[in-house]
Amino acid sequence: MTFRLAPGVDEEIFRAVDERVQTEFAYHQPGILRRTLGRHDDGRWLALTIWADADAAAAAERAFDASDLGAEFSSLVTDTVVDRFHGVD
């Protein structure tokens, strides 16, 4: 997922919410292998999550979208693009 912080969002507040996403949500999802966050110099962010398979990723996405924490995270970001790469054979 790539995104920018919504106008007026403090980076420290965003990082605190993202830390909660990682520790309270992401690493409790079946099939998660790795999640990391990075920021480009131009202000774009990347939240990269690696899943064991596409089904695990889809289930986690549905759960995140339905959660209060997912809503809180989403309220802090804009220009969100989710790319799904399903690996190679």
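Analyst: A salt bridge is counted where a side-chain nitrogen of Lys or Arg lies within 4 Å of a carboxyl oxygen of Asp or Glu. Side chains of opposite charge can pair when their charged atoms come close. The model shown here is predicted, and six salt bridges are found in the structure.

User: Which residue forms a salt bridge with Glu11, and how far apart are the closest N and O atoms?

Analyst: The partner of Glu11 is Arg15, with 2.9 Å between the closest N and O atoms. Both residues belong to helix α1, which covers residues 11-25, and they are four residues apart, about one turn of the helix. Glu11 counts as partly exposed because its relative accessibility is 31%, and Arg15 counts as partly exposed at 41%. Arg39 is also involved: Glu11, Arg15 and Arg39 are linked in a network of salt bridges.

User: Where do Arg20 and Glu24 lie?

Analyst: Arg20 and Glu24 both lie in helix α1, four residues apart, about one turn of the helix. Their side chains meet in a salt bridge at 3.3 Å, N to O. The relative accessible area is 32% for Arg20, which is therefore partly exposed, and 46% for Glu24, also partly exposed. A further salt bridge joins the side chains of Asp42 and Arg44 at 2.8 Å, N to O. Asp42 is partly exposed at 37% relative accessibility, and Arg44 is partly exposed at 39%.

User: In what order do the four strands form the sheet?

Analyst: Pairing of strands rests on at least two bridges between them. In this structure the four strands form an open sheet in the order β2-β3-β1-β4, and the pairing is antiparallel. Strands β2 (32-39) and β4 (77-81) each have a single partner strand and stand at the edges, so one side of each is left without a neighbour in the sheet. From one strand to the next, the twist averages 20°. Within the sheet, strand β1 (residues 2-5) pairs with strand β3 (residues 45-51) over two bridges in the antiparallel sense. Thr2, for instance, has Leu46 in β3 as its bridge partner.

User: How many aromatic pairs does the rule give, and why is the pair of Phe3 and Trp45 classed as it is?

Analyst: Rings pair if their centres lie within 6.5 Å, and planes under 30 degrees apart count as stacked. By this rule there are seven aromatic pairs. The ring centres of Phe3 and Trp45 are 6.4 Å apart and the planes are at 5°, so the pair is stacked. Because Phe3 lies in strand β1 and Trp45 in strand β3, the pair ties together parts that are 42 residues apart in sequence.

User: Are Phe3 and Trp45 buried or exposed?

Analyst: Phe3 and Trp45 are both buried. They also belong to one aromatic cluster, which is formed by Phe3, Phe14, Phe25, Trp45, Phe64 and Phe73.

Notes. Residues are numbered from 1 along each chain as its sequence is written. This is a predicted model: local features need pLDDT of at least 70, side-chain atom pairs count only at pLDDT 80 or more; totals for chains, interfaces and linings use all residues. Side-chain values use heavy atoms; hydrogens and water are left out. Buried means under 20% relative accessible area, exposed over 50%, partly exposed in between (1.4 Å probe, protein chains only). Axes are lines fitted to C-alpha atoms, for helices over the stretch in contact, and angles run from 0 to 180 degrees between N-to-C directions. Rings of Phe, Tyr and Trp (its six-membered ring) pair if their centres lie within 6.5 Å; planes under 30 degrees apart count as stacked, over 60 as edge-to-face and the rest as tilted.
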